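User: I would like to learn how to read the features of a protein model. Please start with the general idea each time and then turn to the case at hand.

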Amino acid sequence: MTDTTAPVLEMKAVDKSFGPIDVLHEITLKVRAGEVLCLLGDNGAGKSTLIKTLSGVHKPTRGEMLMDGKPVTFSGPKEAQAAGIATVHQFGGTYPLMSVGRNFFIGQEPTKGWGPFKVFDRHKANAIAVEAVQNFGITRITDGDRLCGGLSGGERQSLAIARAVHFGARVLILDEPTAALGVKQAAHVLRIVGEARRRGLAVIFITHQVMHAMAVGDHFAVLIRGAIAADFRRDEKSREEIADLMAGGESMADLEASIDGYMDTHDGHAPPPTA
Amino acid sequence: MTMETTSQTSGPSRPATSTPFSVGALFRRPETGAFMGMVLVFAFFAYFGFDRNFLSPYGTSSWVNMASTVGIIAIPIGFLMIAGELDISIGAMVPAAKMSMAIAVGYYGLPVGIGLLITFGLAAFVGWVNGMLVTRTNVPSLIVTLATLFAVSGLTLFLSLWLTDTTSQALTSPAWAKAMFGDYHAWGFQSSVFWWLGMAAVLYYVLHLSPWGNWIFALGGDKESARNAGIPIDKLKIALFMLAAMAAALSGTCEAILSNSATTTTNFALIFNCIIAVVVGGVLLTGGFGTVAGVFFGTATLAIVQQGIGYTPFDRNLSSLIIGVMLLIAVLMNDTFRNMATSMSASKKGK
Ligand SMILES: Nc1ncnc2c1ncn2[C@@H]1O[C@H](COP(=O)(O)OP(=O)(O)OP(=O)(O)O)[C@@H](O)[C@H]1O
Ligand SMILES: [Mg+2]
């Protein structure tokens, strides 16, 4: 992997504001085929806003987005999906009172029949959905007609990821996909990310866990208050430096030391959070 | 992954991934509850109303006719409730449609076709305004449509007086319009019964068979996720409000042509009847779930109680008591269903 391959998806000086609130500022970012971009940053840094802009949910206020070097504008998530961008958003994504099969194909329903009398192909949807989640290691799901609400939080998250993997032809965006997952499923997500990279997809991966970021990231971008504070390749920084950047610029060692010091003098209690 | 799981998934014959049809599964379906309720209520009135001909053709058509005028509107209201919204402005849309037909055809003598065009155009507009207000302002639809309920009812009254100087208007329609919208057919069934059955069939297709149904459920289940999934949620909502208003116009048109007259009186009872039919039919008040069949049975149940009471020795006023109790039972059952559905372990078949 070198910088000579054309980026699949690129942001050029993108700003995003909601009314008077500026959330993203001058974001310039590239993600290449066969590369995992880890998007790091504190809570509220603007990571979800950034990927929602990439997946067509938000329109950039200023700036330009390019796909395969050509400028693109997505009028909505459908167009981004059609361009091969599949996203697992941080929250939601599954509907408890709908079946596994219907959940899997939400917005992209397989149909049979002709003309205007198209019918949702329930058997096909169920078969594909069950196979996809079983491949994901959730072998408890054998019936695509089962309501999604009966699944655990992690199983539902796995369903959402399996769906994105199924539909993501070019770009796979995962917003904190491992947050609700157990150790085994989280490891599986990391394997999936590795697999997607091997198949030549561009992956954008958001996480707060240094371990996960280090395990799959080729390229790291750190967002602080809506601006890119650091952008580097895996081999350019040490593990400690990356951990420090993820903590919002403060040195992790200092942070740990201060907590330890506090705990020593306060009967082992952690310090109250500072405002 | 373990050996076990691989051997399970890689058999020569693929395991069934859809629930096969079975009697047990049929009983777990939510509309089954609505159906059982209807059978129970029907049996009750069939027994106590037998002597007074509840089961005769005319006894039957009396409740089926009433069910049809409510049912035409209740199914679209059910769609809205599944999508997480409500429309109570239908209580004003029905008399507005009646007056519009009566004024256009009865007072100005326009052809029925033109009257229909004006009436359904007005209804589409009212629905569009409802939808726009709800999607653009994020004010709860109960409040928005409460406002439009009064606005439409006020406008109907004002325009009727302004144009015709009266609040009730006679209307005569040609034979084809009578037959199509408002006549008594065999056994005393009104034309609206056929519209009800037709709409139920078409809307069953829309909700349960077509991809749009998926969108409606998703919209009510999780609006944000539905938006993220690329479902045009605003357009969909506006379309549903337009459907509800136009269904109200259809019901009103049928009534006006049947009775050859129209008045401006706002139909508050209809609002309650629709909501009761939808809830008794198993649609969740919180949205995200419901069936056309359930609403169909719920409407029938309501009509059986309201019309059937007259065929029994009981006091007429008791029908409201029965409906109140039924509504409570239905809400409790719907709640139980939701809790079961969202907490049921998926591992029942695992072993
Ligand atoms: N639709 C919106 N309207 C107004 N402000 C918004 C909107 N969406 C996000 N924001 C603001 O943008 C900022 C960044 O939010 P965002 O969700 O992108 O953060 P994040 O980096 O994903 O945080 P986390 O790690 O907690 O998920 C927050 O201050 C948030 O309040
Ligand atoms: Mg976020």
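Analyst: Begin with metal donors, which are N, O and S atoms within 2.8 Å of the metal (3.2 Å for Na, K and Ca); water is not among the atoms, so sites may look incomplete. This is a predicted model, in which local features need pLDDT of at least 70 and side-chain atom pairs count only at pLDDT 80 or more, while totals for chains, interfaces and linings use all residues. Residues are numbered from 1 along each chain as its sequence is written, chains are lettered from A and ligands numbered from 1 in the order in which they are written, and side-chain values use heavy atoms, with hydrogens and water left out.

User: Which protein donors does the magnesium ion (ligand 2) have?

Analyst: They are Ser48(A), through OG, and Gln90(A), through OE1, lying 1.9 to 2.1 Å from the ion.

User: Where in chain A do Ser48(A) and Gln90(A) lie?

Analyst: Helices (H or I, at least four residues) and strands (E, at least two) are DSSP runs, numbered from the N terminus. Ser48(A) lies in helix H1 (residues 47-54) of chain A and Gln90(A) in the loop between strand E6 (85-88) and helix H3 (100-104), so the pair ties together parts that are 42 residues apart in sequence.

User: Is Gln90(A) buried, partly exposed or exposed?

Analyst: Buried means under 20% relative accessible area, exposed over 50%, and partly exposed in between (1.4 Å probe, protein chains only). Gln90(A) has 25% relative accessibility, so it counts as partly exposed. His89(A) is in the loop between E6 and H3 of chain A, and with a relative accessible area of 12% His89(A) is buried.

User: What does His89(A) touch?

Analyst: Contact means heavy atoms within 4.5 Å. Leaving aside neighbours within four places in sequence, His89(A) is in contact with Ile51(A), Lys52(A), Ser55(A), Val57(A), Asp175(A) and, from chain B, Asn228(B). His89(A) and Ile161(A) are 72 residues apart in sequence, and their C-alpha atoms are 9.4 Å apart in space.

User: How should I read chain A as a whole?

Analyst: Count its elements, then look at burial and contacts. Chain A has nine helices and 12 strands, and 51% of its 275 residues count as buried. Of the contacts in chain A between residues at least 6 apart in sequence, 63% join residues at least 24 apart.

User: Where is Ile204(A), and what is it in contact with?

Analyst: Ile204(A) lies in strand E10 (residues 202-206) of chain A and, at 1% relative accessibility, counts as buried. Beyond four places in sequence, its contacts include Val31(A), Leu37(A), Leu39(A) and Ile51(A).

User: What is the phi of Ala13(A)?

Analyst: Ala13(A) has a positive phi of about 45 degrees although it is not a glycine. Ala13(A) lies in strand E1 (residues 7-18) of chain A and is partly exposed, at 32% relative accessible area. In chain B, Asn260(B) also is not a glycine and has a positive phi, of about 55 degrees. Asn260(B) sits in the loop between helix H12 (233-259) and strand E2 (261-263) of chain B.

User: How much area is buried between chain A and chain B?

Analyst: Buried area is the accessible area (1.4 Å probe) that two parts lose on being put together, summed over both. Between chain A and chain B about 3400 Å² is buried, of which carbon and sulfur atoms give 53%. Tyr95(A), Leu97(A) and Arg146(A) supply 19% of the area that chain A buries against chain B, more than any other three residues. The contact takes 45 residues from chain A and 40 residues from chain B.

User: Which residues does Asn214(B) touch?

Analyst: Leaving aside neighbours within four places in sequence, Asn214(B) is in contact with Met98(A), Arg102(A), Phe105(A), Ile106(A), Glu109(A), Phe120(A) and Leu207(B). Asn214(B) is found in helix H10 (residues 211-221) of chain B and, at 0% relative accessibility, counts as buried.

User: At what angle do H4(B) and H14(B) pack?

Analyst: Axes are lines fitted to C-alpha atoms, for helices over the stretch in contact, and angles run from 0 to 180 degrees between N-to-C directions. Helix H4 (residues 57-82) and helix H14 (residues 292-308) of chain B pack at an angle of about 145 degrees, with their axes 8 Å apart. Among the residues making the contact are Trp63(B) and Phe79(B) of H4(B) and Leu302(B) and Ile304(B) of H14(B).
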